[in-house]
Amino acid sequence: MTAKPQNTNIMKNVVNRALAAKKKTIFTLIAALCCTTFISAQDFEIATWEGFRKGAASFTFDDGAPCHISDVAPTFEQHGYRATFYLVNNWNPDWEGFQTLVDKGHEVGSHSDSHPQNMTGEEASSKAHIEAHILNQQCLTVAYPNCNVPNEEAVRQNYIAGRICNGSQQGLPDIMGKDGPTSWTKVPAFITGSIGISNFKDKMQSAANMGGWVVFLTHGLQGKNNGNANYSPTELSSIIDALKWAQQNDEKIWIAPLRDVAMYIKERNAAKIQVKATTASSWTCSLTHTIADNICNYNYPLSMRVKNSSNWAVVEVKQNGKVIDSKINDGYIYFSAIPNGGDIVVRDASADKLEQTTIDQSQTSNRKLILDGHLYILRDGKTYTAQGQEVR
Ligand SMILES: [Zn+2]
């Protein structure tokens, strides 16, 4: 045997391999060209909790105490959070004071008309009374006096959620899972204060660990003006500690009024995403839901993300024609959208950036600049956010 045939075989192999490599390159190129903009509904994700946090917590305050206005609400506002306040109509709450809280984003709900042993019969009337006195919100949630569940059908006809006290008292979990309570007429809450709990942090940590939702039920505060809310007073310092912990663990816990979390869960579980159009530089989709009850519009924004499969460096996200906040992080495009709020368009805005960065700012008037997915306005040599605040 000579070496000649062997050499020929080696040459054949080398040629075949080179051809295969070339074919592979061509296929990769074709795949890259035709598939970069392909996106399906499955590529979109709705966060379990706002901001893709691990868990949720709601702080509720019963009986309309004067210190809720003077001490509690300002404490929440200082830490960037909002709470829920349940009023008893016949106890003459400070309507004007609670209206200012609603105007700052807090929730006011019903705690009945007369604080009877069981509020059956006052479900609709107490809601109407609150809506006559407190404007700029609907009265959407109720807290039952003395922890007694009233007529559940009447609750369902008037409210998106009804709060009980400790779940364990009624054979229910104290901390809820990601889908909320077993029944929306029985949202459990830990009673806090001298005859309740004060370890808010541990409960919030537990909620985050299990991906769930914890609700706190507080009355008055130790040493403050509590009016009729004198049951189981809570130390304000323990609430401050809780809010500080939440700030330091912002990626873990979402703090919001009970109403907002209830809306979020219902919307998230009913939401449907449909991709309506894709081009090389934009994706259009819809976010819709049908929720059977007509208690409210269910238009709380849902936190969403979509894979940045085209690796766009700069994006603009619009809903119903208006630019909404967005950011690119870890291969995803993040934004918040309102269900049934119009089409969502995610667009490659890299070209905008290139075009706009060459503009001499001193020559501009009301020019748009999109940077890292945020819209800025350039005017008279200054840069403003979409909300009109100057960026320095
Ligand atoms: Zn009460």
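## A hairpin and its strands

In the hairpin of strand 13 and strand 14, N320 takes a positive phi near 55 degrees. Two residues lie between the strands there. This is a predicted model. The two strands pair in the antiparallel sense, over three bridges. Q319 has K322 of strand 14 as its bridge partner.

Strand 13 covers residues 315–319. Four of its five residues are buried, so the strand is mostly covered by the cut-off of 20 or more other C-beta atoms within 10 Å. Strand 13 also pairs with strand 17, residues 344–348. That pairing is antiparallel and has five bridges. Within it, V317 is the bridge partner of V346 in strand 17.

At the strand 10 end, six bridges join strand 10 to strand 11, residues 282–288. The two run antiparallel. I273 stands opposite L287 in strand 11. Strands of a sheet pair through backbone hydrogen bonds, either parallel or antiparallel.

Another open sheet has four strands, in the order 1-12-16-15. Its pairing is antiparallel. Strand 1 (44–46) and strand 15 (326–329) form the edges, and each pairs on one side only. Neighbouring strands of this sheet are turned by 25 degrees against each other on average, direction ignored.

Strand 1 pairs with strand 12, residues 302–307, in the antiparallel sense over three bridges. I46 has M304 of strand 12 as its bridge partner.

## The nonpolar core

The largest nonpolar core holds 82 residues. Those touching the most other members are A56, F85, V108, A189, M204, V215 and V261. Helix 8 (residues 258–270) gives the most to this core, with six residues. Both domain 2 (36–48 + 266–348) and domain 3 (54–249) supply at least three residues each. In soluble globular proteins, nonpolar side chains tend to be buried together.

V108 shows the local packing. Not counting residues up to four places away in sequence, V108 touches F85, L87, F98, L101, V102, I130, I134, Q137 and C139. F85 is itself among the core members with the most contacts to other members.

## Helix 6 against helix 7

The axes of helix 6 (residues 200–209) and helix 7 (residues 236–248) come within 9 Å. They cross at roughly 35 degrees. From helix 6, the contact uses F200, K201 and M204. From helix 7, it uses S238, I239, D241, A242, W245 and A246. By class, that gives six nonpolar, one polar and two charged residues.

## Two loop residues

D174 sits in the loop between strand 6 (161–163) and strand 7 (190–191). D174 is partly exposed because 17 other C-beta atoms lie within 10 Å. Leaving aside neighbours within four places in sequence, D174 is in contact with N166, G167, S168, P188 and F190. The C-alpha atoms of D174 and A189 are separated by 6.6 Å, though the two residues are 15 apart along the chain.

N90 lies in the loop between strand 3 (84–87) and helix 3 (95–103). N90 counts as partly exposed because it has 13 C-beta neighbours inside 10 Å. Leaving aside neighbours within four places in sequence, N90 is in contact with D113 and S114. N90 and H129 are 39 residues apart in sequence, and 9.9 Å apart in space from C-alpha to C-alpha.

## The chain as a whole

The secondary structure comes to nine helices and 21 strands. The chain has 392 residues, and buried residues make up 37% of them. Of the contacts with a separation of 6 or more, 66% join residues 24 or more positions apart.

Key
Residues numbered from 1 in each chain as written. Predicted model: local features only at pLDDT ≥ 70, side-chain atom pairs only at ≥ 80, totals over all residues. Core = buried A, V, L, I, M, F, W, Y, C linked by C-beta atoms within 7 Å. Buried ≥ 20, exposed ≤ 12 C-beta atoms within 10 Å, placed from the backbone. Domains from an automatic or database assignment. Contact = placed C-beta atoms within 7 Å. Axes fitted to C-alpha atoms, helices over the stretch in contact; angles between N-to-C directions. Nonpolar A, V, L, I, M, F, W, Y, C, P; charged D, E, K, R; others polar. Pairing = 2+ DSSP bridges.
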